[in-house]
Amino acid sequence: MDTLTHIVLGACVGEVLAEKNIGRKAWIFGALAQSLPDIDAIGSLFLSPSENLLAHRGITHSLFFILMSSFVLAYISRTVLRTTSMNMRQWAFFWGLQSLIHIFLDTFNNYGTGWFEPFYHARYSFNILFVADPFFTLPVLIAAVSFVFIKKQLRRRKWAIGGLTITSLYLLYACINKQLVNATVEKNISSTQYQQGRFLTTPTPLNTWLWYIAVADSNGYRIAHHSVFDHSDSLSFTFFPKLDSLVTNRTEDKDLQRLIVFSQNFYTLEKWGDSLIFNDLRFGQIQGWSNPKGKFVFHYFLHAPAENMMVIQRGRFENFGMKEIRQLVKRIRGN
């Protein structure tokens, strides 16, 4: 999830876990603890763009890292804050649970999280929440802001529990929407000649109602969008060829190999003039709900690796103004 979500979620969890022991420092420590796994962002200063894609949400988002860091941070916390009633075990639980919530929540996005690094390199992603979903974040944001103004511990705790409850219910609602969309996709591909059994569904920006769909075909992918409010379960697919032939002479290209691993094999290649482009389909299309032929959010320039530092962010909200927002809302309402 985005940084703000982790901070305010961590503040709420910290308030519930430790306020009785460390007072109003609890939500501050909670915000810090929830942000800890994202220290891997430092890697972007030293790694190439393709290396950084696999480094992010890697070792610092693993169960191994949580286990090791929790005890180290518990010792430091206990040593520095001797006046608190928190013992080593309680501190280790505090740091460990916050990091565990962080990596679990990140797995609900489409980026992929390396739970079992450095021993097993598989990435896990549930594709249930967009990386920044205001409907998920707002309840815990309101609760966290209230901590600044509310002096009574019991009232802060009630706000924290309320925010966490509403956010959790929204997450459950998103899971239900995911299952409904998956059922629609399975119904559509079972009645066609291109059923391959491998497909991807993930929410479009800032909501859990309009979903982006990619279905594997023998020569590429069929892309569609579906709203849970659509009146029909029939999907209108647009085909994008995979075009692996464009890189038959680049089998030793390390950038390309890293990108294939990172994309979990949901990718296409294409030419933009003289430029060779790698598209990771998991991140969707730029306004694909209104332009079925729109380019993909994640487009990596294979001929110029250094130009890809913002490869995920640059297309996410490209040309995203009020007109595009109105189109998104209209498509969410269904057709």
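Tutor: Let us begin with the largest cavity, keeping in mind that this is a predicted model; the largest cavity is lined by 22 residues, and those nearest its centre are Phe130, Pro203, Pro205, Phe283 and Gly284.

Student: Which elements give two or more residues to that lining?

Tutor: Strand S1 (199-203) and strand S6 (275-285) do, and the largest share, 4 residues, comes from S6.

Student: How much space lies in the largest cavity, and how do its lining residues divide?

Tutor: About 210 Å³ of space lies in the largest cavity, and its lining is made up of 11 nonpolar, 9 polar and 2 charged residues.

Student: Okay, new topic: how do the axes of H6 and H7 cross?

Tutor: The axes of helix H6 (residues 134-149) and helix H7 (residues 153-190) come within 8 Å and cross at roughly 175 degrees, which means that H6 is roughly antiparallel to H7.

Student: And which residues meet there?

Tutor: Among them are Phe135, Phe136 and Phe147 in H6, and Trp159, Tyr170 and Leu171 in H7; taken together, the residues of this contact divide into 13 nonpolar, 3 polar and 1 charged.

Student: What about the largest pocket, how much space lies in it?

Tutor: The largest pocket holds about 700 Å³ of space, and of the 28 residues that line it, His56, Tyr111, Ile312, Gln313 and Arg316 are the closest to its centre.

Student: Which helix supplies the largest share of that lining?

Tutor: That is H3, with 3 residues, while helix H1 (3-22) and helix H3 (49-55) each supply at least two.

Conventions. Residues are numbered from 1 along each chain as its sequence is written. This is a predicted model: local features need pLDDT of at least 70, side-chain atom pairs count only at pLDDT 80 or more; totals for chains, interfaces and linings use all residues. Side-chain values use heavy atoms; hydrogens and water are left out. On a 1 Å grid over the protein atoms alone, a cavity is a set of points where a 1.4 Å probe fits but cannot get out, and a pocket is an open set with protein on both sides within 12 Å along at least five of seven lines; lining residues have an atom within 4 Å of a point. Grid points are joined across faces, edges and corners, and a volume is the space filled by probe spheres set on the points. Axes are lines fitted to C-alpha atoms, for helices over the stretch in contact, and angles run from 0 to 180 degrees between N-to-C directions. Angles under 35 degrees count as roughly parallel, over 145 as roughly antiparallel, 65 to 115 as roughly perpendicular and the rest as oblique. Contact means heavy atoms within 4.5 Å. Ala, Val, Leu, Ile, Met, Phe, Trp, Tyr, Cys and Pro count as nonpolar, Asp, Glu, Lys and Arg as charged, and the others, Gly among them, as polar.
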